[in-house]
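Please load the model in your viewer and keep the sequence panel open beside it. The stops below can be taken in order.

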Amino acid sequence: MRKNASLLLTNIGQLLTLHSSAIHAGPRRGLDLKELGVVEDAAVLSIGGKIVSVGSTKDALRDPWIKKHRKRITEIDCSGKVVIPGFVDSHTHPVFVSLRLVDFEKRIEGASYEQIAAAGGGIRSSLEGVRNAAKAALKTKVLTVLHDMAAHGTTTVEAKSGYGLTLESELKSLEAIREAARSWPGTVISTLLGAHVVPREFQGRSQNYVDIVCMEMIPQAARRRLAQFVDVFCDKGAFTAEETAQIFDSARKHGLNVRAHICQLSETRLEPFLRFEPASFDHMDHVNDADMVALAKSDTVATLVPGANYFLGLKDYPNARKLIDSGVPVALATDYNPGTSPTISMPMAMSLACTHMKMSPAEAIAAATINGAWALRLAERKGTIESGKDADFAVFNVKDYREIPYWFGANHCSMTVLNGVIQPRN
Ligand SMILES: [Zn+2]
């Protein structure tokens with residue numbers, strides 16, 4: 001990985017900086033989601049993994065420093081291409097072993113999410129594989145996925161544990177994420193999802209399991225710096241609002257930030273959780289109107305994962321229009337996981353956002369970049385193309401940015417730059 005190299009992208013057909021003086025501070029809301037800060041015939045210079053200048057190709061080529069050092073700069077001609085900030089995929093579950101092909105078939109035959117879980121499928125069926133797997137094997141799985149994601153334009157990934165659900169296997173999953181992250185030039189944020197579901201051996205005594213999450217998993221993950229966030233699946237069939245509050249309380253006491261899978265299958269009131277300053281509430285299919293008002297006043301991001309709705313064959317999707325029009329900051333993510341959203345493609349998530357949630361292509365791009373960065377508390381470094389930020393770019397072999405969600409199911413990303421390191425499409 002050559003991080004100290006200087007990299008100059010020139011002749012960019014459309015550069016989406018996602019930056020302009022007209023944009024309000026904080027996560028993007030309402031009309032700000034459409035502000036892409038487009039520069040045509042643009043150039044970007046980065047040195048040592050950081051963006052140094054952004055402007056027109058003409059100005060870049062006249063710059064005395066660039067003129068003097070041109071021979072040592074890696075220059076890439078991006079004529080006829082679109083360059084955007086690398087995607088920030090702020091919700092993924094990459095640590096699993098087996099696919100869930102039986103669940104896939106059962107669902108096609110008409111079984112519901114809850115029926116599949118009751119029949120021994122669902123999240124619980126992924127546990128054995130992870131509990132028995134060697135850490136090295138899990139690391140290899142995660143690293144393969146990270147490279148695949150980069151080939152589709154993703155440069156920052158939030159990666160959750162959550163398919164072990166014992167102290168040992170959750171820590172092993174987080175270690176696998178950390179080791180994979182060290183071999184990948186992009187940025188990985190780790191999340192402890194020990195509270196994914198109540199494992200079978202604790203059925204009927206969920207409080208005992210919550211105690212293990214709060215008194216063993218969270219303290220150890222925090223002490224060993226294995227996770228930045230703690231996530232909880234708060235919904236029917238998973239954890240109650242009271243249990244979620246206990247887990248959030250423990251996370252904050254141990255210096256970890258919180259996020260939740262919430263309002264996916266049923267409505268849960270969100271306002272009482274805002275005192276924990278969650279970075280993100282994810283799924284959000286069933287949100288109370290009063291909570292939308294409360295969220296519009298907070299920096300908690302609503303992360304929508306339409307890949308899950310698509311793969312579950314649902315007719316309804318989260319009400320992105322109502323959230324956006326209410327002033328709630330909205331992000332998009334893949335929810336990459338073996339059961340309900342086996343996709344690593346952010347352009348696919350964006351396409352679904354456009355066709356099924358009526359988000360405009362511009363809103364989908366902002367939600368997949370800068371608001372993803374907000375959802376991970378990384379907006380200082382990620383999500384826009386401006387001086388001082390990390391050199392994370394996705395180059396698309398298209399003429400117009402609207403083509404990115406338009407060509408669904410095909411990968412038009414031709415090159416990705418992760419913290420200044422070039423990864424051509426393999
Ligand atoms: Zn998820």
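This is a predicted model: local features need pLDDT of at least 70, side-chain atom pairs count only at pLDDT 80 or more; totals for chains, interfaces and linings use all residues.

Residues are numbered from 1 along each chain as its sequence is written, and side-chain values use heavy atoms, with hydrogens and water left out.

**Cavities**

On a 1 Å grid over the protein atoms alone, a cavity is a set of points where a 1.4 Å probe fits but cannot get out, and lining residues have an atom within 4 Å of a point. Grid points are joined across faces, edges and corners, and a volume is the space filled by probe spheres set on the points. The model has three cavities of 30 Å³ or more.

Select Arg100, Tyr113, Ile123, Asn337 and Thr340: of the 17 residues lining the largest cavity, these lie nearest its centre. The space inside is about 170 Å³. Helices and strands here are DSSP runs numbered from the N terminus (helices H or I, at least four residues; strands E, at least two). The elements giving two or more residues to the lining of the largest cavity are α3 (101-108) and α4 (113-118). That lining holds five nonpolar, eight polar and four charged residues, where Ala, Val, Leu, Ile, Met, Phe, Trp, Tyr, Cys and Pro count as nonpolar, Asp, Glu, Lys and Arg as charged, and the others, Gly among them, as polar.

For the second largest cavity, of about 60 Å³, select its lining residues, including Phe396, Trp407 and His412.

**Pockets**

A pocket is an open set of grid points with protein on both sides within 12 Å along at least five of seven lines. The largest pocket has a volume of about 330 Å³. Of its 16 lining residues, select Tyr113, Gln264, Leu265, Leu312 and Leu314, the closest to its centre. Helices α4 and α11 (306-311) each give two or more residues to that lining.

The second largest pocket holds about 270 Å³. Ala181, Thr187, Val188, Ile189 and Gln228 are the closest to its centre among its 16 lining residues. The largest share of the lining, four residues, comes from β8.

**Surface patch**

Which residues make the nonpolar surface patch of about 430 Å²? Select Leu99, Leu101, Phe104 and Ile108. Patch residues have over 30% relative accessible area and no salt bridge, with nonpolar side chains (Val, Leu, Ile, Met, Phe, Trp, Tyr) joined within 5 Å; areas come from the Shrake-Rupley method with a 1.4 Å probe. Phe104 lies in helix α3.

**Salt bridges**

A salt bridge is a side-chain nitrogen of Lys or Arg within 4 Å of a carboxyl oxygen of Asp or Glu. The whole structure has 24 of them.

Select Arg259 and Glu158, whose closest N and O atoms are 3.6 Å apart. Arg259 is in strand β10 (residues 257-262) and Glu158 in strand β7 (residues 154-160), so the pair ties together parts 101 residues apart in sequence. Buried or exposed? Arg259 is buried at 0% relative accessibility, and Glu158 is buried at 0% (buried is under 20%, exposed over 50%, partly exposed in between; 1.4 Å probe, protein chains only).

Next, select Asp291 and Arg269, which meet at 3.0 Å, N to O. Asp291 is buried at 1%, whereas Arg269 is partly exposed at 39%.

Note on methods
Patches are made of residues with over 30% relative accessible area and no salt bridge: like charges are joined within 9 Å, nonpolar side chains (Val, Leu, Ile, Met, Phe, Trp, Tyr) within 5 Å.
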